[in-house]
Every structure is written in C-alpha cells, then in structure tokens.
Amino acid sequence: MTTQTLSYREALRAGIEQALVDDERVFLMGEDVGRYGGCYGVSKGLFERYGDKRIIDTPICEAGFVGVGVGAALGGMRPIIEVMTVNFSLLAMDQIVNSAATLRHMSGGQLNVPLVIRMACGAGLQLAAQHSHSWENFYAHIPGLKVLSPATHNDARHMLIQALADPDPVLIFEHVMLLNTNGEVSEQSDAAMEKAIVRKQGSDVSLLTYGGSLAKAMAAAEQLQAVNISAEVVDLRCLRPLDTKTLLASVKKTHRAIIIDEAWLTGSLAGEISAIIMEQAFWQLDAPVKRIATVEVPIPYPSHLEQAALPQVEQIVAAAKDIMVAH
Amino acid sequence: MKQKLHLDRAHLLEQLKQMLRIRRFEEKCAELYSQEKIRGFLHLYIGEEAIAVGIMSTLKTKDNIVATYREHGHALARGLSMNSVLAEMYGRTNGCSRGRGGSMHIFDKSQNFYGGNAIVAGGLPIAVGLAMANKYQQNQAITVCFFGEGAVAEGEFHEAMNLAVLWQLPVLFVCENNRYAMGTALALSESETNIAKKASSYGMTAVQVDGMNVVDVEAASNKAVEQIRKTNQPYFLECQSYRFRGHSSFDGQLYRDKAEVKLWQEKGPVIRLIQWLKENNHLVETELSQIENEIKAEIQAAITFAEQGEWEPIADLSKDVYSPAIEAPHNVSQGEQ
C-alpha cells in the first residue's frame, strides 16, 4: 500500500475532493470556502476546479447556512458544511441541536439528515477567547449527532468520506494546531469511524485522548519509555458514540488511566470517560483515574498564558509518574 | 371578495368544507385536551383556516411544506388523514410521527410535510435548504414555508430571506400574521409592522393579502406559485389574520380585549364564506348540515382510530435516534467503494 506525506490541511482537502468526485450530490458550503479558499486554507483551489455550484460561499450567517444544510440534506443532497470555528457554531446550535439531531426520532423514523459539519477547534494560535475553544463535548452530549475528532493525517484524509456515508448528522472537529503539520496518509482509513484506536501499545498506564492532544500524549509516552514506564495511548477518534469497549480494554490491561482533554474540566468528556471507567472497570484499577484538562479561563491572548492554560506534555509525564506510585 | 377567482361553486364548497374540517377538528381537540386525552401544548389554528386551505389548494404533491407548531390545519389541508393527525396528538404509534412528536411535530414524508417545527423561525432556513435541493436536482418542486409574524423578529428569519433571494431559490414564504407573538402585540415587537414591506427590502415580491378570506388567499397563492415555478425566485405572502383562541392551552389572554376578539370573529373566514355563499344562492342549509355531518363522522372515526392506537413499547424508546446501523464504512476510500 502506498503512502504519501501530506499536511493535515492537504489531507482534509484531499478528502473533500474525493467526496466531490465520488458523489454529485455533495457540495461544500460555508463562509469563504470558495474564492478565499477557506479561512484556514483547507478548501484552497477547489472553487476553481469545481465551480460555484459545488463550492458555495455563504454570507456570515451560521444559523442560516447550517439550517440550509439540514434542509438540503432532507431534500436528498449530501452537504458538507464548514463552520469557521467551533465558537461560531454556537450561532448555529439551534439548527444542529433542535433540527439536525431531533428530526429522525421526532418524525418517528421517517426522516434522516445526512449532513456533515466540519469546524476548526482548539487553542494555540493566540486567537484569544472567541476563537480557541474545545467544545466537542457540547455536541457529544447530544443524542442524534455523531462527533468525530481526527487526530491523525490519515483520519483527516478518510473520516470525511466515512461521515458522508453515514445517514445521520456527523460533526468533524479539526484542531487548528494540526493544520500545518505533516504526516503519513495511506489509501485506506485506519478503522471504521466509530472505533477508537490504540496508537501505541503499553502495559503500565493508559493515556486516553483525542484531537489536538494525541500528539502530546504520544510525546509523553516516548519520554515515559525512558524512565521505564510503558504508556498505552488510545485515540478516541469518535466522541459520540464513544468506543467504550476499546478504552475499557486498555484500562483493564494497564489498570491505570489518565485522560487528556483540551476542554475545560467541569462537565468535560474527561469526566464522562472517568465515570465510565468507574462504573465498568473500578475493580480493575490500581490507582484513581487522573484527568488533565484546560484551566477554566477564557483562552487568553499572550502565548505564555495560553500555553499555561492548556494540557502540556510535562503534565502528562508527571501525572503518569505519579499514578505509578499511587496506591 | 376582492379578487374574482374562477368562482366555481363546487370548489368554493370544497374550500368551505376544508376550513370547517379544521375548525370542527380543533374544537374537538380542545375538548379532548380538557379530558386529558391530548396532553402537552395545544396551539389552535381557529380563525386562520383560510390561509392553509387557500394555499394548499394551489400546490402539487411533490411540493414541500414546512410548518410550525400550530400546524394541525396545514396537515389536514395538505391531505394527511385526520386519523393519523389525531392519533399523533394521542401519542399513539398509529400517529403520523408514531406518536413521538405530538401536536407540535406532525410529519409525513409521503406528503412532503416536513413538520411541525416548534422553534420560532427554525423552519425557515430548512425550507431554504429544501428549495436548494429542489433547484439542484431540478425537481420542478417548490417549498412552502409557513410561520407566524413572531418569527420576523428572529435572526433566522432574516438570514433565510437573504439566502433565498441571494441564491434565487423556489420558496414561498407565508407569514401568518395573527397580530400576536404569543401575547405580545405586533406593534410591541416590530419596528416596521408592515411585514411584507420588510420582506420586500430583500428584493423579492412581497404582498399583503386578507388572510381571513379564502378566495383572496387562494388567488394570491396561485399568482405566487405560478411566478415561483416560472422564475425559480422566492416570493413572500403576508396573510393578515387573527387567532380566535389563546396562544396555547395555557393562555389566559390577558393581553387583548374581548371586544377585539369579537370584532375579528365577525369577519372570520368560515362565517364570511357561508354568508357570501348564502347571499348568492350558492348554499342551502341542507348542504351545510350535510357537510357538518360528514365532518362529524370523520372526527368520530378519528377518535376511534386514535383510541385504538397502541402505545409505543418502552423497549423502542431509543429507536430512530440514529438510522439503522450501516455497513461500517472502513477502507472505502480511493475507488474501493
């Protein structure tokens, strides 16, 4: 199988392009996705190649164009909606939560909404308190939605295609710090979109994470190797539904779990996973579960404060060392 | 009757019957609500029947309908059976939405009836999206979106207006201006109370019509639908109307005078059409009682149907949150699909 090195941005674009080629019902719609090339450059060049019927620039009206996506999906299209950042998606939350997520159940199973919504998320670009958040969990809370967090380049390449094949609304969160990084992309997806993947095998402690924190967990695992702590890294990939089977299997193997989550601690997915472990693997644990999350402040502008707010590799290493001695 | 349509007697009698069906059905619903057969919220359309009846009679089956939580009349006028609508309000599985939605969430895919949206203005962007899908797929179908004047204050209203005109989409916006957004009068919620004028500022044809007159509504809708089909452009109808009952079942109506309600009732859509037909010797008492009797029988049958409906088993509570599991799309990329 051949692989190629692409930036995360290029991998996303390749996925969109494949979708456009494969299915004429697919179109990409969002603010500045066309002539501008996408706020983060993801769709650059697609407008020129596919034209204004397939790559649709919208006015700045998130509720409006996300709702249009819901209607177009109901009407037989396969829209890919890009929302510039998760912060702006709050303006469209009515359509995502009240319409897209409810229509199938509320109509007694008559309707379904095959809609994909992509959005940028995460901190690190010094974009301050209205462009930098990790709110995957807002949406992972909602029955009727599926929530994906591609943390690798191969997932960036293939998850969109998997999401479009799903008959229900799927949200894809693309961490802004990954966009410029390079990585390997193969011709195949790593697994079905709802499966978590063990990215590094280990035996002492499970590092459970997703999205922008995966690389940090991998770096921490490498450092831990040097001090003879064997960390297993689990990439959740799909935040709703959670692949509890895979994450519990890991915890039952290592007997220790640290959850790394870029969201704020209170009400976080880390809390949910911790509860799942408590309910279903409590007697397997050798130490209390630890959670590493973002400090509960609006993300500040200066780099030193922004970084101080976010989960860091050193914290993960320290937590792992600590959990190994805890009894 | 300002605009002389093809004033075919049989057609007018049919329109009268459709309005009376909605009227009598909802009067019975209010009764069933007080008997606790129907629960939740119940928003009655009484007084506004001419709008749904007038507009639906100008549409084709392939056209899409998006309505609000006050949509019993639209569902009946569209052609959903009274049985399935009442059973839905009873919460039974023989209801049109399997009893999942109740009064506010009536759906019927076979009639292209897309609800039943209980978020004010929430249906507007969806209607624009359906119109977009129709245009892209060249279905020659139009989308009709009903909403109250209360929706005009919402951002989603303005976003939908802008997108529909900007992208030239075949959608008919029908504002049912019943003068009160719940209990807040039009003048207390809108800087410009001429809603059609607001809509026309987006660059589409927007007209006001007497929403208490079924002939006027039908004539206006005919014209609108014809123009949309011809041009693929959106069109806006503001139907001026009045709701005779409270906003919902919990409304004490402290915000308006009884005299005002009485005044509007006198020019109600049903009473006026009956008067006009009688004055012009198009309706005799026996015909009217025959219509009433047919409706009575239909309502009685619907009650029997609803009461015989099953409750959904609790085991099925989570069914349809997601579509049935599909073949996991793994390794599907790059020509392997």
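Here are some notes on this predicted model, point by point.

1. **Ground rules.** Residues count from 1 along each chain as its sequence is written, and chains are lettered from A and ligands numbered from 1 in the order in which they are written. Because the model is predicted, local features need pLDDT of at least 70 and side-chain atom pairs count only at pLDDT 80 or more, while totals for chains, interfaces and linings use all residues.

2. **Two domains in chain A.** Chain A splits into domain 1 (3-186) and domain 2 (197-325), with bounds that come from an automatic or database domain assignment. Their centres, taken over C-alpha atoms, are 26 Å apart. Across the boundary, 24 residues of domain 1 are in contact with 22 residues of domain 2; contact means that C-beta atoms, placed from the backbone, lie within 7 Å. On the domain 1 side, helix 7 (136-140), strand 6 (146-148) and strand 7 (170-175) of chain A each give two or more residues. Helices (H or I, at least four residues) and strands (E, at least two) are DSSP runs, numbered from the N terminus.

3. **A sheet in chain A.** Have a look at the open sheet of 5 strands, ordered 9-11-10-13-14, with mixed pairing. Strands pair here if DSSP finds at least two bridges between them. Strand 9 (197-200) and strand 14 (290-294) of chain A sit at the edges with a single partner strand each, so one side of each has no neighbour in the sheet. From one strand to the next, the twist averages 25 degrees.

4. **Inside that sheet.** Strand 10 (residues 205-209) and strand 11 (residues 231-235) of chain A run parallel and are joined by 5 bridges. Leu207(A) stands opposite Val233(A) in strand 11 of chain A. Helix 9 (residues 214-226) of chain A lies across strands 9, 10, 11 and 13, at about 170 degrees to strand 11. For such angles, axes are lines fitted to C-alpha atoms, for helices over the stretch in contact, and the angles run from 0 to 180 degrees between N-to-C directions.

5. **The core.** The largest nonpolar core has 195 residues, and Leu207(A), Ile258(A), Ala320(A), Val128(B), Leu172(B) and Val174(B) touch the most other members. Domains 1 and 2 of chain A both give residues to this core, so it lies between them. A core here is a set of buried Ala, Val, Leu, Ile, Met, Phe, Trp, Tyr and Cys residues joined through C-beta atoms within 7 Å. Beyond its neighbours within four places in sequence, Leu172(B) has contacts including Ile142(B), Ala224(B) and Tyr235(B).

6. **Backbone spots to check.** Most residues other than glycine have a negative phi, and most peptide bonds are trans. The bond from Arg240(A) to Pro241(A) is cis, with omega near -5 degrees; a cis bond also joins Gly115(B) and Gly116(B), with omega about 15 degrees. Ala121(B) has a positive phi of about 75 degrees and is buried, with 25 other C-beta atoms within 10 Å. Arg179(B) has a positive phi of about 80 degrees but is partly exposed, with 18. Buried means 20 or more other C-beta atoms within 10 Å, exposed 12 or fewer, and partly exposed in between, with C-beta atoms placed from the backbone.

7. **Where the chains meet.** On chain A, 45 residues are in contact with 41 residues of chain B. Helix 3 of chain A gives the largest share of the chain A side, 10 residues.

Technical notes
Two residues are in contact if their C-beta atoms, placed from the backbone, lie within 7 Å.
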